[in-house]
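The following note sets out points for a colleague who is examining this model.

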Amino acid sequence: MNKIGGFRDPAAEERYFAAYDRAMAECPEPHAVFDVETRHGTTRVYRYGDGGTPIALLPGLLATSACFAALIPALAARHTVYAIDTLGEAGRSVQKVPFKDVRDRASALDDVFENLGLTGVRLVGGSTGGWHAVNQAIHAPGRLGSIVLLDATTVSAPFTRKVLWYGLAAAALDSEWLWRRFLTWSAGEDVLDQPAARLVLAGIRCYRARVPFQVCPTEEALRSIEVPTLALFGGRSVVHDSAAAAARLEGLLPHADVEILPDAGHYLYLRPQDRDLILGKIA
């Protein structure tokens, strides 16, 4: 089996990048675009703003930098913001060497920070991006200043059974209808009119990832995290039990600032009132 992800075929790749360009058009014009060489491939990074603590944004699964379009302007007004297309997933990053394990994923991101000359990074991750932020804090924390987790998945609680059912059924049936239902259900509202959501759907349909399976870190690994941590959970999130996730993280990381936003769903940056609260905490 090919251990490196890729597009199904040239036609699928063309469809995907048409959706990618539409979604990225929602973001401000970047000040610079980098294809950063790492030991596992090239990572696409968009830089916005110029000053303050460097903030790196890690998207949810297959969501790319485009998912942060609504947050970037306010963050870039006070910081230098680096929006990253996750290596190993659909997007403009190109994987060339397989990942052996989750440590390799952390080393690939550490390569990005090293090659960009970044230290003291505030690493902000949404959904699966939050898992990556935690993975970085466990395995390669040297260039981090802090981590911010936005309803991070499989960090301190597993996916719900319904998430697993949707994923297995949609993949087995190769069903676009089921995937569309899943995105609407997980968001708590119909988001398919948004280019960033349609890009996620395009990634699911057009790209086949080959990366180590995402599982919760061990209790020992979570306790080893020393960087300041802010974790925000959506009280209405359906992808995991937010209350259980928050309580377990507080127990394992007593220095972390953990909060549940009672009216927020899984995608914390969708609703303007939630975005304003998030920006107040991380900007």
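1. A helix crossing is called left-handed if the near helix is turned anticlockwise from the far one by less than a right angle, and right-handed if it is turned clockwise. The model is predicted: local features need pLDDT of at least 70, side-chain atom pairs count only at pLDDT 80 or more, and totals for chains, interfaces and linings use all residues. Residues are numbered from 1 along each chain as its sequence is written, and side-chain values use heavy atoms, with hydrogens and water left out.

2. Overall composition. The protein contains 10 helices and 11 strands; these are DSSP runs numbered from the N terminus, helices (H or I) having at least four residues and strands (E) at least two. The C-alpha trace spans about 50 × 40 × 35 Å along its principal axes. For 283 residues, a compact globule would have a radius of gyration near 19 Å, and the 17 Å of the protein agrees with this. That radius is taken over C-alpha atoms, and the globule rule is 2.2 Å times the number of residues to the power 0.38.

3. Of the 283 residues, 57% are buried, where buried means under 20% relative accessible area, exposed over 50%, and partly exposed in between (1.4 Å probe, protein chains only). Contact means heavy atoms within 4.5 Å. Among contacts between residues at least 6 apart in sequence, 76% join residues at least 24 apart.

4. Helices H1 and H7. Two packed helices are described by the angle between their axes and the distance between the axes. The axes of H1 (residues 10-24) and H7 come within 8 Å and cross at roughly 165 degrees. Axes are lines fitted to C-alpha atoms, for helices over the stretch in contact, and angles run from 0 to 180 degrees between N-to-C directions. H1 and H7 are therefore roughly antiparallel, given that angles under 35 degrees count as roughly parallel, over 145 as roughly antiparallel, 65 to 115 as roughly perpendicular and the rest as oblique. H1 passes H7 in a left-handed crossing. On the H1 side the contact is made by Ala12, Arg15, Tyr16, Ala19, Tyr20, Arg22 and Ala23, and on the H7 side by Pro195, Ala196, Leu199, Ala202, Gly203 and Cys206. By class, these are 10 nonpolar, 1 polar and 2 charged residues; Ala, Val, Leu, Ile, Met, Phe, Trp, Tyr, Cys and Pro count as nonpolar, Asp, Glu, Lys and Arg as charged, and the others, Gly among them, as polar.

5. Helices H6 and H7. H7 (residues 195-206) also meets H6 (residues 176-187), their axes coming within 11 Å and crossing at roughly 140 degrees. The two helices are therefore oblique to each other, and H6 passes H7 in a right-handed crossing. Glu176, Trp179, Arg180 and Leu183 of H6 make the contact with Ala197, Val200, Leu201, Ile204 and Arg205 of H7. This contact has 6 nonpolar, no polar and 3 charged residues.

6. Helices H3 and H4. The axes of H3 (residues 102-116) and H4 come within 9 Å and cross at roughly 90 degrees, which makes H3 roughly perpendicular to H4. Val102, Arg103, Arg105, Ala106, Leu109 and Asp110 in H3 meet Trp131, His132, Asn135, Gln136 and His139 in H4. The residues of this contact divide into 4 nonpolar, 4 polar and 3 charged.

7. Which loop holds serine 127? Serine 127 lies between strand E7 (121-126) and helix H4 (128-139), and is buried at a relative accessible area of 10%. Its phi is positive, about 60 degrees, although the residue is not a glycine. Leaving aside neighbours within four places in sequence, serine 127 contacts Gly60, Leu150, Asp151, Ala152, Thr153 and His266. Aspartate 151, in the loop between strand E8 (144-150) and helix H5 (161-173), likewise has a positive phi, near 45 degrees. Aspartate 151 counts as buried, at 0% relative accessibility.

8. Cysteine 216. This residue is found in the loop between strand E9 (207-208) and helix H8 (219-223) and counts as partly exposed, at 29% relative accessibility. Cysteine 216 and threonine 153 are 63 residues apart along the chain, with their C-alpha atoms separated by 8.4 Å. Leaving aside neighbours within four places in sequence, cysteine 216 is in contact with Thr154, Val155, Ala157 and Pro158.
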